[in-house]
Amino acid sequence: MAETKIMLGNEAFARGAWEAGVKVSSAYPGTPSTEISENLAKYGDVYCEWAPNEKVAAEVAIGASIVGARSMCAMKMVGLNVAADPLYSFSYIGANGGLVAVVADDPGIYSSQNEQDTRMIGRAAQIPVIEPSDSQEAKDFIKFAFQMSEDYDTPVIIRSTTRLSHSQGPVVLEDRAVPEDRPYEKNIQKNVMMPAMAKKRHVAVEERMNRLSEDSCTFPINKATYDDTSIGFITNGIAYQYVKEACPHASVLKLGLVNPLPRKLIEEFASKVDKLYIFEELEPVIEEQVKSWGISCIGKDLFTRQGEYSANMLREKLLGEKIDVHPAEDIPPRPPILCPGCPHRSVFYAIHRLKLHVTGDIGCYTLGALSPLDAMDTTVCMGSSISSLHGIEKAKGKDYVKNWVAVIGDSTFMHTGVNSLMNMAYNQATGTVIIMDNSTTAMTGHQDNPATGKTLMGETVPMIDMEKLCRSMGIKNVTKIDAFDQEGLVKLLRQETQKEELSVIITQAPCALLKTVKFPYVCVEDREKCKKCGACLKPGCPAMAQNEDKTISIDPTMCNGCGLCMELCHFDAILKKER
Amino acid sequence: MVTKNIMIVGVGGQGTLLTSRILGGIITDAGYMVKLSEVHGMAQRGGSVVTFVRYGDNVAEPIVEEGQADILIAFERLEALRYCHFLKEGGALVVNDQRINPISVVTGQRQYPEHIMEDLEKDYRVFQIKAQEEALKLGNSKVFNVIVLGLAAQHMDFPKEKWLEVIEKKVPAKLADLNKKAFLVGYESGK
Ligand SMILES: Cc1ncc(C[n+]2csc(CCOP(=O)(O)OP(=O)(O)O)c2C)c(N)n1
């Protein structure tokens, strides 16, 4: 009997790609997509890599596809914006070897900067979008996607969501079957997108999407189930599970292909049910198209465009049940925070002391925006800290930015920050950029990047030297400093922000959660000496607490002995001890 | 069998994911269908985290919704308070009586609620343990989560031997004995 295994949605995507014979995978991490690549790499017989960003990842997959190999790239939904440029045009070229981009959306915004819906980009780029609803389907549908990609000469997007990617469920395992690479023939009419060729390919794209809309009425991934026909649901992805839970007897058209839509199948389903509901998380992508065909249905009038759906939502809004629960009121929230021993805390505290304005970026260090550090003015998207600081200077002048710094992590600097810094160097900026080098991509769970010297396949490789990289741009003021050197940081920041020249400060200390980092010390309070001034508490270390008499105590099980509190104490009331 | 709903709540970094994996293991071994839903990413940095575990003959959605949990396992008492309304009437609330200050409490902007355990006991069937202290007695503060799981196991119908077997499989070999001992501390305390 075939083996069944409990798998995370992301593990199942990896399994499916492996079974489908994928040969090359390139990706940039991003919650909730990261574990796809990490799991695929574990098989050992698929070439897997971390690319510096999603555009690069998509282009690597495109190269492999053009010469006939099955390839994939994986990313979170905002990564698709970065990869949009190659994918929009590759939609015209079409796939030789199957190409699948797995893109994970984040309804409910658990770990993202917005709540965009990947199906909208799929529509705009005329790329088919497939959407599974559990781990088993994650595996099955990605295999279907590779085949469809080759059969219809198109890249395919698999859309996941946080709830699917990070839920576990049973998956029946099958063997890997690697197809022969498809032959490569040079064909500039198809593979070189110049105006004359692109015009013809646009015709082919339209034909392809029409053919898919027609054919998909009988695809196994689109499925109509008729039961009680007084209510019918058209639904997709995880939302399907909520329908099954709350309305097990309703008729359901479950769409596995959400772009293009199987129009005839939908028209037939709509004609057989009395009342039609469209139950789709985020944007009314299905609803608006169905309505445009003159079919009446209820969607966003009843169900929100925001956040995740649930079975209780259906019970309340459709079945009129009252969900009678009483959450405890007014209890302190518990937002995420920088860990004890995190090097970012020390850097932000220095910035906080100097009351600098900060163009921020995306990573664990975005938490520096929150109280008590309050050390960030803006966060937009990866890389934007550096370019925004440049824009601020060009709008307001050199003196204005003497009170500002840009803050960016090592992985984010490699992602797109480097382009922004080139722009600053080229266009004669005078601002100060801080690269917080914690030797890893921490936020997404410790992936390597070009500056760490390790690959996804576990090889040790030469690391990009960020200091030399900055210097090669002609930047004269590039300084490395220990991230925990609090007084040194304050001095250096004062000095560099006042210069009317571009400066880069690279703060260094590894992430406290890295397995390779050892903590020989622990900080211990001396209550006799404590003057109850609270200076040590200001950076907001979660290992510390104030006692009723205003002295402090440090939780030895949480403390990582970084010594920042000790450095801030003027009364020697905190000591470092060996563990 | 009617689907059983379990929730594990705590503070990011407390090891909710390991606990849910042990749970997933025992449920699968018993031949049920199981779905789990976890939180990765940003909230794992010291934020409030929730894991859902559902099992039965056939499970559709992977989350437990408000008012539906049979068992709520809380690794910290403020988190028990935050999520207790997910319990169904008569559900079991298993709490590690530990306090971890959220940042607003560390910086003095907010008060950590007092008498949480007493308040919870007014409305719920509460089973509590000071797992951190018990773990230190075993010489490793990290195994507190398996101790809490042991206490919660009293409210599920899997035999003790099965639990120990699954723990053996799910934790690294050199930590297996310690984790089994930890499980038994919680399990026996709940008798
Ligand atoms: C375009 C895009 N891709 C991926 C992500 C997901 N993501 C958020 S932060 C981050 C990396 C942060 O690493 P680093 O800059 O080194 O900072 P750290 O977390 O280590 O402090 C990633 C990959 C994103 N938000 N946007």
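The legends below accompany several close-up views of a predicted model.

**View 1. The ligand and the residues around it.**

View 2. The side chain of Asp410(A) places an N or O atom 2.6 Å from an oxygen atom of the ligand. From the backbone of Ser411(A), an N or O atom lies 2.9 Å from an oxygen atom of the ligand. Cys364(A) also takes part through its backbone, with an N or O atom 2.9 Å from a ligand oxygen. How much of the ligand's accessible area does the protein cover? On its own the ligand has 580 Å² of accessible area, and the protein covers 97% of that.

**View 3. The contact between chain A and chain B.** Stepping away from the ligand, this view turns to the two chains. Their contact involves 51 residues of chain A and 46 residues of chain B. Between them the chains bury about 4,200 Å², and carbon and sulfur atoms give 58% of this area. On the chain B side, Met42(B), Arg45(B) and Ile103(B) lose the most area to chain A, and together these residues make up 20% of what that side buries.

**View 4. Domain 1 of chain A against domain 2 of chain A.** The assignment for chain A lists domain 1 (4-217), domain 2 (223-319), domain 3 (343-508) and domain 4 (521-578). The centres of domain 1 and domain 2 of chain A, taken over C-alpha atoms, are 25 Å apart. In this pair, 31 residues of domain 1 of chain A meet 28 residues of domain 2 of chain A in contact. About 2,400 Å² is buried between the two domains, 55% of it on carbon and sulfur atoms. Which residues of domain 1 of chain A lose the most area to domain 2 of chain A? They are Arg119(A), Arg123(A) and Ser133(A), which together account for 26% of what the domain 1 side buries.

**View 5. Backbone details in three loops of chain A.** Thr31(A) and Pro32(A) are joined by a cis peptide bond with omega of about 10°; Pro32(A) sits in the loop between strand S2 (24-27) and helix H2 (34-42). A cis bond also runs from Asn259(A) to Pro260(A), with omega near -5°. Pro260(A) belongs to the loop between strand S12 (257-259) and helix H12 (263-272). Asp374(A), a residue other than glycine, has a positive phi near 45°. Asp374(A) is placed in the loop between strand S14 (357-359) and helix H16 (384-396).

Conventions: Residues numbered from 1 in each chain as written. Chains lettered and ligands numbered in written order. Predicted model: local features only at pLDDT ≥ 70, side-chain atom pairs only at ≥ 80, totals over all residues. Heavy atoms only, no water. Polar contact = N/O pair within 3.5 Å; in protein donor to acceptor, adjacent residues only side chain to side chain. Areas by Shrake-Rupley, 256 points an atom, 1.4 Å probe, with all protein chains shown as cover. Contact = heavy atoms within 4.5 Å. Buried area = accessible area lost by both parts, 1.4 Å probe. Domains from an automatic or database assignment. Helix = DSSP H or I, 4+ residues; strand = E, 2+ residues; numbered from the N terminus.
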